[in-house]
Amino acid sequence: MSISHHIPARLMRAYAAGSLPASFATVVAAHVSVCDECRARLEAEEIAGGAVLENLNPVGGDEARLRAAVLARLDDALEAPEAPAPEGHGIYPGPVMAALKGRAPRWKPLGAGIRQTILASGDEGSLRLLYIPPGAAVPDHGHGGLELTMVLQGSFGDETGHYGVGDVEVADDSLEHTPIAGPEAPCIALAATDAPLRFRALVPRLLQPLFRI
Amino acid sequence: MSESPASGREMPDDPTAWLIAVRDGRDRAAFARLFDFYAPRLRAMLARQNCTGAAADDVIQDAMLRVWQKAAQFDESRASASAWIYRIARNRHVDVIRKSARPMPEALKVEDPPAPDASEVVALQGEATRLRAALQDLSPEQRRMVEMAYMGELTHQEISDDTGLPLGTVKSRLRLAIARLRNNLKDLRAQ
């Protein structure tokens with residue numbers, strides 16, 4: 001896999017710090033699952049985070065009591081190991097399989113052959129899978145905030161470049177773009193937003209509340 | 001850092017060595033040292049996100065129990081003890097806030113991972129030490145901004161604006177750490 005569009009450093013740092021909304025964190029985790037370059041960058045951010053942690057001025061609590069409680073539970077802890085992280089399956093990396101709860105996507109038609117599966121939708125933005133037939137365009141849209149799109153199958157291109165499997169497009173509110181799926185296969189992409197998309201054409205705008213995109 | 005045959009085993013003054021002792025020997029004394037070192041620092045980190053008192057106790061307790069549980073997964077050619085515990089504590093705290101598991105990357109799949117190469121370990125731990133020193137050399141204002149970024153105190157707007165961007169030597173040290181990790185991952189993949 002040759003990945004050329006990566007997670008920007010500021011988002012990687014925010015992911016390491018735990019301050020990204022869950023929808024974006026899922027895209028970052030999915031990309032890191034398939035991109036060793038970004039795995040190295042995440043681990044470096046964690047080394048920096050660890051260095052900051054080490055340098056913090058300690059804050060005292062009732063450490064003696066807490067320490068005794070933790071030490072008393074060490075044997076039990078070994079008997080109750082954490083559930084393993086979900087494995088990837090087919091084109092879907094582990095974090096996407098976790099968001100799918102281990103099931104195949106249930107596609108809903110959006111018109112023009114485009115389909116979507118909503119994985120999460122709420123105050124923290126939305127996370128969905130998009131299925132775009134070869135050569136089809138996603139309606140021209142702008143963003144109230146940030147949108148991260150990771151290609152899982154096929155490819156797409158827009159005003160900003162060409163995106164193949166593993167690539168992540170970062171679109172902010174200044175970008176109005178019309179992604180078009182590559183001709184080789186249907187494009188399946190993971191898309192995360194922190195605010196609803198704004199479609200410029202009237203009809204998609206009317207459909208927006210219905211489809212929660 | 002060396003063992004003295006006369007006095008038996010001496011505990012080195014290095015959290016990463018304590019974590020290795022926990023991993024390799026289920027060493028409870030080493031774990032207690034990790035707890036004493038990290039619990040008050042984790043408390044400081046959590047307080048910056050308004051997690052205090054009993055809520056902070058719970059996160060610290062869960063995080064430190066996971067350190068004990070998952071010690072076998074610690075790889076000193078890819079993380080310092082502080083980096084690894086930072087990750088575990090962030091995960092625990094995010095899980096508690098969201099009441100659902102934080103999205104995590106798949107584990108690196110390497111069949112029969114070899115014991116880490118000693119020179120790679122020395123080089124990586126050296127990068128971690130120099131990164132910490134570079135942080136200490138920042139001006140108080142710069143250091144405050146970087147701390148906010150890594151302690152999860154930035155708003156979405158500040159993340160977009162890249163406030164808290166590592167500056168100067170911290171930035172170049174970060175780049176060297178990335179190069180080192182990239183190399184160590186490549187070696188793991190080549191096995």
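Predicted model: local features only at pLDDT ≥ 70, side-chain atom pairs only at ≥ 80, totals over all residues.
What percentage of the 213 residues of chain A count as buried? The figure is 44%.

Chain A contains seven helices and eleven strands. Among its contacts between residues at least 6 apart in sequence, 67% join residues at least 24 apart.

Let us turn to the sheets of chain A. Six strands of chain A make up an open sheet, in the order 1-2-3-10-5-8, with antiparallel pairing. Its edges are strand 1, residues 108-111, and strand 8, residues 168-171, of chain A, each of which pairs on one side only. From one strand to the next, the twist averages 25 degrees. Packed on this sheet is helix 2 of chain A, residues 22-34, which touches strand 2 (114-122), strand 3 (125-132), strand 5, strand 8 and strand 10 (187-193) of chain A. The direction of helix 2 makes about 140 degrees with that of strand 10 of chain A.

At one of them, strand 1 and strand 2 of chain A pair in the antiparallel sense over three bridges. These two strands form a hairpin with two residues between them, and in the turn Ala112(A) has a positive phi of about 60 degrees. Gly111(A) stands opposite Ile114(A), which belongs to strand 2 of chain A.

Strand 6 of chain A, residues 156-158, runs antiparallel to strand 9 of chain A and is joined to it by two bridges. Gly157(A) has Ile180(A) as its bridge partner in strand 9 of chain A.

I come now to helix 1 of chain A, residues 9-16. How many of its eight residues are buried? Six of them are, and the helix is mostly covered. The buried residues are Leu11(A), Met12(A), Arg13(A), Ala14(A), Tyr15(A) and Ala16(A). They pack against helix 2 and helix 3 (36-55) of chain A, together with helix 6 and helix 7 of chain B. Just after helix 1 of chain A, Gly18(A) takes a positive phi of about 75 degrees.

What of the nonpolar core? In soluble globular proteins, nonpolar side chains tend to be buried together. The largest nonpolar core here has 101 residues, of which Val28(A), Ala189(A) and Leu131(B) touch the most other members. Domain 1 (1-104) and domain 2 (110-191) of chain B both contribute residues, so this core lies between them. Leaving aside residues up to four places away in sequence, Val28(A) touches Ile7(A), Leu11(A), Met12(A), Tyr15(A) and Leu20(A).

The contact between the chains takes 60 residues from chain B and 57 residues from chain A. Several helices of chain B supply at least two residues each to the side that touches chain A, among them helix 3 (53-70), helix 5 (118-136) and helix 8 (168-190). Helix 2 of chain B gives the most to that side, with ten residues. By class, the side of chain B that touches chain A has 36 nonpolar, nine polar and 15 charged residues.

One residue in helix 2 of chain B is Pro40(B). Is Pro40(B) buried or partly exposed? It counts as partly exposed, because it has 18 C-beta neighbours inside 10 Å, whereas a buried residue needs 20 or more. Beyond residues up to four places away in sequence, Pro40(B) touches Pro58(A), Val59(A), Gly60(A) and Glu63(A).

Finally, the domains of chain B. The centres of domain 1 and domain 2 of chain B, taken over C-alpha atoms, are separated by 18 Å. Ten residues of domain 1 of chain B are in contact with twelve residues of domain 2 of chain B. The side of domain 1 that touches domain 2 of chain B has two nonpolar, four polar and four charged residues. Thank you for your attention.

Technical notes: Residues numbered from 1 in each chain as written. Chains lettered and ligands numbered in written order. Pairing = 2+ DSSP bridges. Helix = DSSP H or I, 4+ residues; strand = E, 2+ residues; numbered from the N terminus. Axes fitted to C-alpha atoms, helices over the stretch in contact; angles between N-to-C directions. Contact = placed C-beta atoms within 7 Å. Core = buried A, V, L, I, M, F, W, Y, C linked by C-beta atoms within 7 Å. Buried ≥ 20, exposed ≤ 12 C-beta atoms within 10 Å, placed from the backbone. Domains from an automatic or database assignment. Nonpolar A, V, L, I, M, F, W, Y, C, P; charged D, E, K, R; others polar.
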